Every structure is written in structure tokens, then in C-alpha cells.
Amino acid sequence: MNSILNLIDNADLCATPTLIVILVESRHVFRIIPLNEKHPDDLDPSYLGDSVGHWEGDTLVVDVTGFKERLVGSKISTDALHIVERFTRVDYNTINYEATVEDPKALTKPYTITSKYMLRPGTRL
């Protein structure tokens with residue numbers, strides 16, 4: 001499992017009209033997701049990749065690319081890793097999460113994981 005896919009538990013999602021920020025408690029990291037932007041042409045690979053997002057109705061779609069060749073905790077990723085995440089708020093307390101992972105240098109075909117995240121009122125990071 002790639003480390004970016006493990007970064008949602010115990011997280012706060014902060015949204016503005018042009019930006020989503022995911023603050024992750026357990027690893028003291030954050031992801032910045034510009035909205036309606038393109039990946040830069042001169043992308044420097046990083047362990048969390050480069051994220052850009054857009055809205056499709058009520059679903060936040062995040063395209064992630066530009067990963068370092070070997071992610072921490074991963075045995076199968078290469079520099080060709082590409083992830084598309086979909087966050088859909090189905091009700092006040094629930095976000096459905098789906099991530100499609102493809103890496104043509106390491107995988108024979110893409111795979112998709114799904115999860116559900118619940119709001120925990122009164123909790124703080």
C-alpha cells in the first residue's frame with residue numbers, strides 16, 4: 001500500500017474556494033491541493049507527489065502524480081505511479097473515499113481501494 005493512501009485517518013480537511021489542505025495528525029504532514037490547476041511542467045518528485053483537484057458535482061477529484069520512485073512503506077511503486085482520489089460527502093457525517101492506483105512500470109493493471117471516513121465532532125488534531 002502506498003503511503004499517500006494511508007494519510008487520511010485522523011485528519012482535518014480545510015477548504016477554501018481555491019485550495020484544499022489535508023492536515024494529518026499521525027505523521028505531522030500536510031497535503032496542499034490547489035483547485036482547478038495543472039501539474040507544473042517542471043515537477044520535482046516528492047514522497048507525497050503533486051496533487052491538483054477539481055469538483056465534479058459533490059465529489060472532490062484529486063489527481064496525484066510526480067512521486068519519488070520508491071515511496072516509504074511501498075515495495076511496488078515507481079516514478080510512473082499515478083493516483084486519482086475521489087472524496088464524496090454523502091451526508092453531514094460521512095465522506096466516501098475512492099482511490100484508483102496505476103503504475104504501468106510496477107503493476108499489471110490499475111486497482112481501486114474504497115473507504116469511508118466519519119466526522120468525529122469535538123475532536124481536535
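**View 1. A hairpin joins S6 to S7 through two residues.** This is a predicted model, where local features need pLDDT of at least 70, side-chain atom pairs count only at pLDDT 80 or more, and totals for chains, interfaces and linings use all residues. Residues are numbered from 1 along each chain as its sequence is written, and side-chain values use heavy atoms, leaving out hydrogens and water. Strands here are DSSP runs (E, at least two residues), numbered from the N terminus. S6 and S7 (residues 94-102) pair in the antiparallel sense over nine bridges; pairing requires that DSSP finds at least two bridges between two strands. Look for isoleucine 83, whose bridge partner in S7 is valine 101.

**View 2. Strand S5 meets strand S6.** S5 (residues 59-65) and S6 (residues 82-91) pair in the antiparallel sense over six bridges. Valine 61 has arginine 86 as its bridge partner in S6.

**View 3. Glutamate 85 forms a salt bridge with arginine 31.** A salt bridge puts a side-chain nitrogen of Lys or Arg within 4 Å of a carboxyl oxygen of Asp or Glu; here the closest N and O atoms are 2.6 Å apart. The pair links strand S6 with strand S3 (residues 29-34), 54 residues apart. Glutamate 85 and arginine 31 are both buried (buried is under 20% relative accessible area, exposed over 50%, partly exposed in between; 1.4 Å probe, protein chains only).

**View 4. Lysine 105 forms a salt bridge with aspartate 79.** Their closest N and O atoms are 2.7 Å apart. Lysine 105 counts as exposed, at 57% relative accessibility, while aspartate 79 is partly exposed, with a relative accessible area of 40%.

Definitions and conventions:
Helices (H or I, at least four residues) and strands (E, at least two) are DSSP runs, numbered from the N terminus.
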